[in-house]
Amino acid sequence: MNDQTVTVTVPFAIRKRGGRKLVITPDGVAAVAAPRARVDSALLKALARGFRWRKLLETGDFSTIEEIAEAENINPSYVSRVLRMTLMAPEIVEAILAGKQPEGLTMARAMQPFPLEWAGQSSSWVS
């Protein structure tokens, strides 16, 4: 067995950009990491609320949107808009849960009317 040591030198620099560390390779190009999921907590929370409120209506715990709004001490129109989110296509709901929702799908845009047909929903949120 040979007791020689081999040293490998890889020139690179680490720079901070936008609060994140970035590896700069020898040719000056930034090494790109895989994009991270960007979970929109407001969108996720609204979606969860909408499904909880829908269940409360379906089970008969509350019989109207106004009753839910009064119990939650919020505006009935907000309850109605959040409940509408339960009509999103299952693929979009799963994407929101995974943090991979369409780029243009924000909380503000999700609260606006959107097509009820699942096939037309994805194109509604394309920027």
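# Chatting through a predicted model

Reader: Which residue does Arg52 form a salt bridge with, and how far apart are the closest N and O atoms?
Author: Arg52 pairs with Glu72 in a salt bridge, and their closest N and O atoms are 3.0 Å apart. Keep in mind that this is a predicted model.

Reader: How many salt bridges does the structure hold?
Author: Two. Besides the one you asked about, Arg54 forms a salt bridge with Glu58, where the closest N and O atoms are 3.4 Å apart. Both of these residues sit in helix α1, four residues apart, which is about one turn of the helix.

Reader: Why does four apart matter in a helix?
Author: An α-helix has 3.6 residues a turn, so residues three or four places apart point the same way.

Reader: And how exposed are Arg54 and Glu58?
Author: Arg54 counts as partly exposed at 31% relative accessibility, while Glu58 counts as exposed at 59%.

Reader: α1 keeps coming up. What's its length in residues, and how far does it reach?
Author: Helix α1 covers residues 41-59, so 19 residues, and it reaches 27 Å from its first C-alpha to its last. That is close to the 27 Å expected at 1.5 Å a residue.

Reader: What happens at its two ends?
Author: At the start of α1, a side-chain oxygen of Asp40 comes to within 3.2 Å of the backbone nitrogen of Ala42. Just after α1, Gly60 has a positive phi of about 90°.

Reader: Which residues of α1 are buried?
Author: Leu43, Ala46, Leu47, Gly50, Trp53 and Leu56. Their cover includes helices α2, α3, α4 and α5.

Reader: New topic! How many aromatic pairs are there?
Author: The count comes to one aromatic pair. The rings of Trp53 and Tyr78 have their centres 6.4 Å apart and their planes at 80°, so the pair is edge-to-face. The pair links distant parts of the chain, with Trp53 in helix α1 and Tyr78 in helix α3, 25 residues apart.

Reader: Is Trp53 buried or exposed? And Tyr78?
Author: Trp53 counts as buried, at 0% relative accessibility. Tyr78 is partly exposed, with a relative accessible area of 23%.

Reader: Last one: what does the chain look like overall, in helices and strands?
Author: The chain has six helices and two strands, and from the N terminus on the order is β-β-α-α-α-α-α-α. Of its 127 residues, 24% count as buried. The accessible surface comes to about 9000 Å², and 56% of that belongs to carbon and sulfur atoms.

Technical notes:
Residues numbered from 1 in each chain as written. Predicted model: local features only at pLDDT ≥ 70, side-chain atom pairs only at ≥ 80, totals over all residues. Heavy atoms only, no water. Expected span 1.5 Å × (residues − 1). Buried < 20%, exposed > 50% of the residue type's maximum accessible area, 1.4 Å probe, protein only. Contact = heavy atoms within 4.5 Å. Polar contact = N/O pair within 3.5 Å; in protein donor to acceptor, adjacent residues only side chain to side chain. Phe/Tyr/Trp six-rings, centres within 6.5 Å; stacked < 30°, edge-to-face > 60°. Areas by Shrake-Rupley, 256 points an atom, 1.4 Å probe, with all protein chains shown as cover. Salt bridge = Lys/Arg side-chain N within 4 Å of Asp/Glu carboxyl O.
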